[in-house]
Amino acid sequence: MGRLCSVRGCGKIPDRRTCHRLPLRDTARRKLWLSFLGWDEKTPVSVLQEADHRVCALHFEYEDYVKSRGDPHRVQSPKKLYLKRSAVPTRLGPTHDEQDIEPDDAETETTMDVSMSTATEDDPRDVSFHLSQQTTISTLSTTSSSIPAENRSGWNEKKWIVNESCLMTLFSSCHVPTCGAPIIDKKVSTRGSKIKIEWTCVNNHSGTWTSCPDVRGVPENNLLFSAATLFSGSTYTEIAEWASILNLQILKSTQFYSIQRENLIPVLHFAYKDQQDYLIKRLLREKAEGKSIELCGDARCDSPGYSSKYSTYSLQLLSTQEIIHFELLQVTEAGSSVAMECQGFRRSLNHLIYNEGLPIDLITTDRAPSIRKMMREEFGNIQHEFDPWHVTKGLKKKLVALSNKKGNQDLHGWLRAILNHLWFCCSSCGGNAQELRRRWTSLLHHICGEHVWEQDGRRWACPHPALSPEEQRKKRWLHKDSDAFRGLQAIVEDKRLLKDLDQMAHFKHTGSLEVFHSVMLKYMPKRLHFDYDTMVARTQLAILDNNYNVGREQAMTSEGIPRFSMVFTKHSKDWVAKKIYEPTSQSFRHHLVERVLQRRENPTPPEMPRVQQPQNIATKEKPPKEDVIQKHQSRFSSLLEHHNFEL
């Protein structure tokens, strides 16, 4: 029994045609294959491995294959074709009747000898990367006459940069096969990136050629240019500057922003809402099964310092690191840039709890006093945890200031150990706040060289292995009567710090949100200003990117060894190893482009809900431009009137 191609409608694979296994070890490439097949990209590898799915050669481009060099010891050694490591199926392939066409009946340029006698596969992990003996170029080329037009790649086909002079040489003679007379009249018109040429020959034959089709009156390439600019995180100004160097013809800025407003922003809105609705339904289902809903939240301002205009507050699932909701605030809505974080936190929780009906069990934030008060007064039924990193950051500042005082130099060598001890206490207390306090204050015994002590009628000991006499002698222990120890004791037993430890016992973090904030920098650099609608759309785009690429595994070498990079960090002043993760996949952008074209094709597309714009940050009414210019120009002249300068 022959194998079946996994592409819908392709059917049984003939013996003469090769097929390829799914790249199970390459996560990014595997997602692209699954997306082409129309399957869930999160299908477990074990399921795919057991099913042993195959995709036949009809669904790859000719450029996806590489020729071997042949055997140098054989005079007439045949060159074989192997699938490239980066290859992804893109062609839907012919119909059932065209699949079994004989090679002699097909449109063939060259027959490739791809016998399996010698040569090594391009990817040794997939032994199916070879072509059968009778595979021909016509079965791999997108220009094959056997492929129906409706099955070609459409908007995703290859595009080239062509010089105008080279293009015009194609319109020197008539295109009618039986004519070939000189063309005497050419009318060239352009619309952004589209060029249209209407020609007439001496025999009065005429025709029209366009560089791309229209989508309900708008050139398709104009839509694709606009979508590629926004979805890649670029701006029109950057792309236009790049295009001007090449003298590449693109659409004007007014056309771009019109397409962005009418097509791109609505597509991002509905794609984000679809994903958010799916996440909320999944969480409600998991809650019904007895699982808890744990979130973390943090704010990100659009500029450093205390002069930011926008603040984005995001809520993330601790279990999967997916962003579930965000709120964008303008400074006029909160009164100051500092107050925006508290306001965004309140809006986010109110939306999830009251609008979406999501019962939240735990949320982790930084130690902002305003958020702490709000949680206590308005959301008392939700457990509030602090991120240990923020607490450690504040603790380090106090310890550094103490160690820099005269006579406290012995404390310098203990700074890193003290911070690591707090981290260890939070991670090992098992959710018991009282045990966390006890472990933290035990630091005051250890730092004096006292590793066994009595407290509250019980005998305690440090959890580390016993130190040898030589190790005990070399350590620079603090003396209990020293100023350094008394200052450290005041910091360790600070009432506010001990109270905060009660909300750190579950060892929850917001570090994954910082990773998301770095993704936001790709789409919203802090050195650029965007209007409110664009800020919302680009935040939604960053969320789609983040949620599509969560759960990436550590990259492996060809020998199966985990990959690391070495980095010299400014913080630790030492070389550290960092994991190298699998590359991100951006195939979600292709789905967005599809939705853009579908929206344009729809004469009555769904409209976005109207959102009331925040009040403008200007506190005064805008005066006439001439008055402002006159005021600007009169400053120096008034100065000259009051002072006489001699040259």
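Strands S17 and S18 form a hairpin with two residues between them. In this predicted model, the two strands run antiparallel and are joined by four bridges. S17 covers residues 452-455, and S18 covers residues 458-461. Glu454 has Arg459 of S18 as its bridge partner. Asp456 lies in the turn, within the loop between S17 and S18. Its phi is positive, near 55 degrees, although Asp456 is a residue other than glycine. Asp456 has a relative accessibility of 74%, so it counts as exposed, the threshold being over 50%.

A positive phi also occurs at Asn204. The value there is about 70 degrees, again in a residue that is not a glycine. Asn204 sits in the loop between strand S8 (194-201) and strand S9 (206-210). Its relative accessible area is 64%, and Asn204 is therefore exposed.

The largest nonpolar core has 46 residues. Those with the most contacts inside this core are Phe231, Leu264, Leu268, Phe516, Leu541, Phe588 and Leu592. Several elements give two or more residues to the core. The helices are H5 (220-231), H6 (236-246), H7 (253-288), H17 (511-523), H18 and H19 (588-601). Strand S14 (323-330) contributes as well. A second, separate core has 32 residues, including Phe386, Leu443, Trp477 and Ala484.

Leu268 illustrates the packing in the 46-residue core. Neighbours within four places in sequence were set aside. Leu268 is then in contact with Leu230, Phe231, Ala537, Gln540, Leu541, Leu544 and Leu592. Of these partners, Phe231, Leu541 and Leu592 are also among the residues with the most contacts inside the core.

Helix H18 spans residues 532-548 and has 17 residues. The distance from its first C-alpha to its last is 25 Å, close to the 24 Å expected at 1.5 Å a residue. Of the 17 residues, 15 are buried, so H18 is largely enclosed by the rest of the structure. Buried here means under 20% relative accessible area.

The mean pLDDT is 83, and 85% of the residues reach 70 or more. Over residues 72-78 the pLDDT is below 50. Beyond near neighbours in sequence, that stretch has eight contacts in the model. The pLDDT is also below 50 over residues 95-152. There, 132 contacts are found beyond near neighbours in sequence.

Methods
Residues are numbered from 1 along each chain as its sequence is written. This is a predicted model: local features need pLDDT of at least 70, side-chain atom pairs count only at pLDDT 80 or more; totals for chains, interfaces and linings use all residues. Side-chain values use heavy atoms; hydrogens and water are left out. The expected span of a helix is 1.5 Å times one less than its number of residues. Buried means under 20% relative accessible area, exposed over 50%, partly exposed in between (1.4 Å probe, protein chains only). A nonpolar core is a set of buried Ala, Val, Leu, Ile, Met, Phe, Trp, Tyr and Cys residues joined through side-chain atoms within 4.5 Å. Contact means heavy atoms within 4.5 Å. pLDDT is the predictor's confidence in each residue, from 0 to 100. Two strands pair if DSSP finds at least two bridges between them.
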